[in-house]
Amino acid sequence: MNRVLGIKDSGQPGPLIILLGAVHGNETTGVHAIINVFRSLEEWNLPFRGKIIGLVGNTKAYEMGERFLDYDLNRCWDEEFVHKLRTEHDPANEQAEDFELLELLGEIEKHDNGKYSTKVLVDLHATSSDNGNFIVIPDDEADNVIVKSLQLPIIIDLEKHLEGTLMEFLHKRGFVAFAFEGGLIGSDRALNLHTSGIWELLYAAEVLERQHDHEFSRYDQIIESFIHALPHKVSVLHRHRISGQDGFRMDPGYHNFQEVKKGEHLAVNNEGGIFAACDGLIFMPLYQKQGDDGFFIVKEIEGRI
Ligand SMILES: [Zn+2]
């Protein structure tokens with residue numbers, strides 16, 4: 001499939017907004033949301049500033065409906081690794097994600113030419129457990145107006161526990177880069193949240209004038225029903241790392257931000273039971289076969305007012 005879903009260049013000064021879907025190939029709602037937004041931009045011919053790009057992250061994994069093929073495309077972003085791939089490229093030993101990484105980065109670099117007032121990377125994901133509506137961003141960007149416009153729980157320090165995310169890599173290259181988790185993989189709610197969330201952040205970034213009384217402005221209505229039950233800002237206390245071989249199975253029924261107590265039985269693996277290391281809120285419990293993280297435990301550091 002084509003990596004580029006859309007490019008809209010106003011020719012006017014303003015921000016560069018890169019919308020990225022399916023860095024994890026089975027998280028397809030981001031791609032559909034980006035297609036929806038580009039279609040409406042064309043249809044309505046709305047005036048805008050700056051440049052908007054829509055990209056697919058892992059095209060091959062997307063076609064296969066898998067999170068990844070050889071390695072996780074959101075755990076490999078490291079300048080040294082990228083340099084090595086570029087300089088010591090060995091087609092005989094190429095892994096599927098080597099190609100994805102190089103082509104995706106090439107596409108991003110093509111537009112990152114120093115002309116823009118702000119550079120924003122919106123990395124659209126979905127989760128395998130319910131209530132997966134949140135933003136992941138480094139702490140120093142947590143107050144960014146674009147991020148705040150989405151009003152979702154903000155996870156400020158996941159990058160201390162996860163190495164090689166694209167978000168962190170582009171943050172170091174001067175992007176306001178964040179993961180926007182829309183909800184359960186393949187759900188209508190995730191698609192609606194991603195679609196309306198993209199409009200909301202385009203307004204907040206002042207790329208577009210808000211279209212009042214229009215379906216593009218219904219973000220507040222969409223989040224209204226669940227937002228008050230979610231924390232505002234959380235910090236990560238614990239990561240339960242797994243390897244593909246250890247037989248990890250999460251106990252059924254956990255959803256994001258559900259309270260857990262120290263010592264609570266959460267999962268099993270080949271060694272036996274896995275228990276909560278501390279009190280807190282469970283975060284990203286894994287209910288799919290691929291992934292390195294069984295679950296996290298987080299704590300609320302700022303409540304919703
Ligand atoms: Zn993901």
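**Exercise 1. Find which atoms coordinate the zinc ion, and classify their arrangement.**

*Solution.* Start with the donors: His24 (ND1), Glu27 (OE), Glu27 (OE) and His125 (ND1) coordinate the zinc ion at 2.0 to 2.5 Å. Donors here are N, O and S atoms within 2.8 Å of the metal (3.2 Å for Na, K and Ca); water is not among the atoms, so sites may look incomplete. A word on the source: this is a predicted model, where local features need pLDDT of at least 70, side-chain atom pairs count only at pLDDT 80 or more, and totals for chains, interfaces and linings use all residues. Residues are numbered from 1 along each chain as its sequence is written, and side-chain values use heavy atoms, with hydrogens and water left out.

Next, take the angles. The four donor atoms subtend 55 to 143° around the zinc ion, which makes the arrangement irregular. For comparison, four donors count as tetrahedral if all angles lie between 85 and 135 degrees; four count as square planar and six as octahedral if opposite donors are over 155 degrees apart and all others between 65 and 115; anything else is irregular.

Then read the spacing in sequence, H-x2-E-x97-H. Finally, check burial: His24 counts as buried because its relative accessibility is 3%, and Glu27 is buried at 3% as well. Buried means under 20% relative accessible area, with exposed over 50% and partly exposed in between (1.4 Å probe, protein chains only).

**Exercise 2. Describe helix H1 and its packing partners.**

*Solution.* Begin with the span: H1 (residues 29–44) has 16 residues and reaches 22 Å from its first C-alpha to its last, close to the 22 Å expected at 1.5 Å a residue. The expected span is 1.5 Å times one less than the number of residues. Helices (H or I, at least four residues) and strands (E, at least two) are DSSP runs, numbered from the N terminus.

Now pick out the buried residues of H1, among them Val31, Ile34, Phe38 and Leu41. The buried residues of H1 pack against strands E1 (4–9), E2 (16–21), E3 (51–56) and E4 (119–127), and also against helices H2 (59–64) and H7. Contact means heavy atoms within 4.5 Å.

**Exercise 3. Work out how the two domains are related.**

*Solution.* First, the domain assignment gives domain 1 (4–229) and domain 2 (233–302); such bounds come from an automatic or database assignment. Second, their C-alpha centres lie 25 Å apart. Third, 24 residues of domain 1 are in contact with 24 residues of domain 2.
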